[in-house]
Amino acid sequence: SVNPTPDGLAIYFRDVTDDRAKREQLRLLQLSVSHLNDAVLITEADPLHSPQGPKIVYANEAFSRMTGYPIEAVIGNTPRMLQGKDTQRSEIDRMVHAIKRNEPVKAELIYYDSQQRPFWVDLSINPVVDDKGVVTHLVTVQRDITERKNTELAIKLSEERFRLVSNASNAVIWDY
């Protein structure tokens with residue numbers, strides 16, 4: 001920076017190499033997260049049990065593609081917006097219990113998209129701890145596993161049908 005003085009100019013230099021490196025690292029991180037196939041949500045850590053719930057402060061494009069919600073509509077909202085009648089309450093309670101203990105947690109849940117269509121997600125929630133050891137935010141990574149769950153259900157139904165047929169039959173059935 002250049003500043004006029006009564007005797008001329010005062011020129012001050014400041015090394016910005018570290019600042020530039022940090023900005024570049026942050027830009028790379030933001031770019032990488034925005035291009036993931038998995039949905040990423042960052043929420044405030046508190047309040048867990050208030051009627052409003054923790055607020056979403058970040059969502060990537062994959063979240064928008066997965067749920068149909070525009071990013072602008074979810075910022076400031078709560079992840080509870082994804083829950084519905086078939087969302088497993090026991091899993092939610094288990095997750096809240098782990099989060100209260102500042103532990104990471106994984107779950108498979110039924111969520112609902114912007115059109116209220118159910119879909120399955122495999123999610124992982126990790127607490128973000130500041131320098132003082134206080135959990136400030138929660139980072140959630142979600143993957144749509146609906147296709148896998150539908151395949152598992154089809155296999156289970158097929159096995160059940162086979163079991164019923166084999167129990168009802170007087171013939172010998174074996175797998176060769």
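**View A. Contacts of Gln-88.** Gln-88 touches Glu-108, Leu-109, Ile-110 and Trp-120, leaving aside residues up to four places away in sequence; a contact here means heavy atoms within 4.5 Å. The model is predicted, so local features need pLDDT of at least 70 and side-chain atom pairs count only at pLDDT 80 or more, while totals for chains, interfaces and linings use all residues. Residues are numbered from 1 along each chain as its sequence is written, and side-chain values use heavy atoms, with hydrogens and water left out. Gln-88 is found in the loop between α3 (71-74) and α4 (89-100). Helices (H or I, at least four residues) and strands (E, at least two) are DSSP runs, numbered from the N terminus. Gln-88 counts as buried because its relative accessibility is 19%; buried means under 20% relative accessible area, exposed over 50%, and partly exposed in between (1.4 Å probe, protein chains only).

**View B. Surroundings of Asn-60.** Asn-60 sits in the loop between β4 (56-59) and α2 (61-67). With a relative accessibility of 1%, Asn-60 counts as buried. Residues up to four places away in sequence aside, Asn-60 touches Val-33, Ser-34, Leu-36, Asp-38, Ala-39, Val-40 and Ile-71. One of these, Ser-34, is 26 residues from Asn-60 in sequence, and the C-alpha atoms of the two are 5.1 Å apart in space. For Asp-38, the backbone oxygen lies 3.1 Å from a polar atom of the Asn-60 side chain. A polar contact is a pair of N or O atoms within 3.5 Å; within protein, one must be able to donate a hydrogen and the other to accept it, and residues adjacent in sequence count only if both atoms are side-chain atoms.

**View C. Two residues with positive phi, Asn-102 and Gln-116.** Most residues other than glycine have a negative phi. Asn-102, which is not a glycine, has a positive phi near 60 degrees. Its place is in the loop between α4 and β5 (105-112), and Asn-102 counts as partly exposed at 41% relative accessibility. Gln-116, also not a glycine, has a positive phi of about 65 degrees. Gln-116 lies in the loop between β5 and β6 (118-129) and counts as partly exposed at 48% relative accessibility.

**View D. The protein chain as context for the close-ups.** The protein chain has 5 helices and 7 strands, and from the N terminus on its elements run β-β-α-β-β-α-α-α-β-β-β-α. The radius of gyration is 25 Å, well over the 16 Å that the globule rule gives for 176 residues, so the chain is more spread out than a compact globule. This radius is taken over C-alpha atoms, and the rule is 2.2 Å times the number of residues to the power 0.38. Along the principal axes, the C-alpha atoms fill a box of roughly 110 × 40 × 30 Å. Of the 176 residues, 30% are buried. Among contacts between residues at least 6 apart in sequence, 42% join residues at least 24 apart.
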